[in-house]
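User: Can you walk me through this structure? Start with the terms, then the details.

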Amino acid sequence: MSKSIFITGASSGLGKQMALEFASRGYNVALTARREDVLLAVKKQIQEQYEVEVFVAALDVLDYEQTQQVLIAAAAHLGGIDKVIANAGIGLGGRIGEEGAFDCARDVINTNVVGAIATIDAATAFFRQQGQGHIVTLSSVSAFRGLPGTAAYSASKAAISVYSEALRVETYNENINITVLSPGYIDTPINNSLESRPFLIDLASGGKILADLIEKKVKRSTVPSWPWGLVARILAILPTALVAKVMG
Ligand SMILES: NC(=O)c1ccc[n+]([C@@H]2O[C@H](COP(=O)([O-])OP(=O)(O)OC[C@H]3O[C@@H](n4cnc5c(N)ncnc54)[C@H](OP(=O)(O)O)[C@@H]3O)[C@@H](O)[C@H]2O)c1
């Protein structure tokens, strides 16, 4: 039976790359994001290379009802959905208390937490009805330590990681898998204006690693696992004085 994957934020970066990668592995793909014209170009790119079904729909993950409806429409079109990737996210920054920082923080929390929860909630209800499924959450290594200039982003990713871990417990006796992936720096528009991107990897490599981890249904992982698994653990326990001296 053919496999199908539903991706939010598929118009750019990791979402688009995962769509291409999964299509190359024979998956039918449901591409969603706010910019439908960009999604249609991604669809064309996929269908020029691979013989898979591609469903496209405009979706703002802040709209819960739309999220439920688009997921059901995608499943009807593709004959079911096996995996949902809650990938859509934004990376605005700003130091707490500075002008404009609150507006950025609110947008980040809305998209990365409320929007991701809308996706995960709709997927859970859908998979319960379907009897099986796999939910993937895009967190970040920034979830392991609140860092200066990206407090709301770090907080949003910590929130969605913890939320997904709670979902893992709630679905423990059901045929629903939960994967929480925490990338370091993969080259996409979300980070390409940053001055420093330690251990940066290119998008094609990032997409392959993400797809491998998703197909293995790992419970959780940094991306790539080395060196970020170790770095994340160290980051979490570094003394504040040292973090402030290096990054403050
Ligand atoms: N790249 C990295 O190194 C890295 C590291 C850690 C975590 N992540 C996480 O990975 C995910 C993807 O990031 P990326 O690097 O691929 O960034 P990106 O290239 O900026 O892509 C972000 C995607 O999210 C979509 N999006 C934003 N707001 C949305 C909304 N309200 N509704 C629906 N879609 C929305 C955008 O599409 P539209 O504008 O068309 O809606 C776009 O497709 C994010 O959750 C990010 O936090 C990335």
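Analyst: A residue is buried if 20 or more other C-beta atoms lie within 10 Å of its own, exposed if 12 or fewer, and partly exposed in between, with C-beta atoms placed from the backbone. This is a predicted model: local features need pLDDT of at least 70, side-chain atom pairs count only at pLDDT 80 or more, and totals for chains, interfaces and linings use all residues. Residues are numbered from 1 along each chain as its sequence is written.

User: Which residues in helix 5 are buried?

Analyst: Ala-152, Tyr-153, Ser-154, Ser-156, Lys-157, Ile-160, Ser-164 and Leu-167. Helices here are DSSP runs of H or I with at least four residues, strands are runs of E with at least two, and both are numbered from the N terminus.

User: What covers them?

Analyst: The cover includes helix 4, strand 5 (133-138) and strand 6 (176-183). Contact means C-beta atoms, placed from the backbone, within 7 Å.

User: And how much of the whole chain is buried?

Analyst: 42% of the 248 residues. The protein chain has eight helices and seven strands.

User: Switching to the ligand. How many residues surround it?

Analyst: 31, and the closest are Gly-9, Gly-13, Arg-34, Gly-89 and Thr-188. Near means a C-beta atom, placed from the backbone, within 6 Å of the molecule. Helix 1 (13-24) and helix 4 (101-130) are the elements that each give two or more residues to that shell.

User: Which gives the largest share?

Analyst: Helix 1, with three residues.

Key. Contact = placed C-beta atoms within 7 Å.
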